[in-house]
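I opened my notebook for a look at a protein chain. Here is the model I worked from.

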Amino acid sequence: MFYILRLLILILIIYVFYKILRYLFDPKRKLDEAYEKEQYYYYDEVKNVRKNFFITYKGALFEGEKYLGTTDQAFEVVSIFIWTKDPAKLQGFTKEDLRFLQNEIKMNYPEAKINWKSPIEQLMKDDE
């Protein structure tokens, strides 16, 4: 009986340790933390085209939707639409900030054409 109790306690300790590590390394938690601290964080599952990616930068949260298509060589993400749910957080953003975000996205999706949704679209029109 005593050995079973020891084994159960050991299993419980391992389980709690596992849950703590999983919490500390959770990318969604890191995204939320970066958003609160107004820092840059890029969260994406590059291998999963169906899942949107998220970027937090200077207090704004952007969401990007990926679309698969064909290139000359293979099937790749060929189009990305990016928007923010809270346009008021864009106050103080410059074209240079948005170009930085485009360059970060292009590192993972070099073949993709990036389309911004309104109101960012108006600011970026003359960059096309």
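My entries below go from the overall build to the aromatic rings.

**Ground rules.** I am working with a predicted model, where local features need pLDDT of at least 70, side-chain atom pairs count only at pLDDT 80 or more, and totals for chains, interfaces and linings use all residues. Residues are numbered from 1 along each chain as its sequence is written, and side-chain values use heavy atoms, with hydrogens and water left out.

**Overall build.** I looked up the elements and found 4 helices and 5 strands in the protein chain. They are DSSP runs numbered from the N terminus: helices are H or I with at least four residues, strands are E with at least two. From the N terminus on, I read the order α-α-β-β-β-β-α-β-α. The radius of gyration of the protein chain is 20 Å, well over the 14 Å from the globule rule for 128 residues, so the chain is more spread out than a compact globule. (That radius is taken over C-alpha atoms, and the rule is 2.2 Å times the number of residues to the power 0.38.) The C-alpha trace spans about 75 × 40 × 20 Å along its principal axes.

**Burial.** I noted that buried residues make up 30% of the 128 residues. Buried means under 20% relative accessible area, exposed over 50%, and partly exposed in between, with a 1.4 Å probe and protein chains only.

**Aromatic pairs.** How many aromatic pairs does a search of the whole structure find? I got 10. Rings of Phe, Tyr and Trp (its six-membered ring) pair if their centres lie within 6.5 Å; planes under 30 degrees apart count as stacked, over 60 as edge-to-face and the rest as tilted. Tyr43 and Phe54 have ring centres 6.5 Å apart and planes at 20°, so this pair is stacked. Tyr43 lies in strand β1 (residues 41-43) and Phe54 in strand β2 (residues 53-57), so the pair ties together parts 11 residues apart in sequence. Both Tyr43 and Phe54 are buried; Phe54 counts as such because its relative accessibility is 18%. I also found one aromatic cluster formed by Tyr40, Tyr57, Phe62, Phe93, Phe100 and Trp116.

**Charges over rings.** I checked for NZ of Lys or CZ of Arg within 6 Å of a ring centre and within 35 degrees of the ring normal. The charged end of Lys117 sits over the ring of Trp83, 4.5 Å from its centre. Arg29 lies over the face of Tyr23, at 5.1 Å from the ring centre.

**Last stop, Tyr23.** I placed Tyr23 in helix α1 (residues 2-24). Tyr23 counts as exposed because its relative accessibility is 53%.
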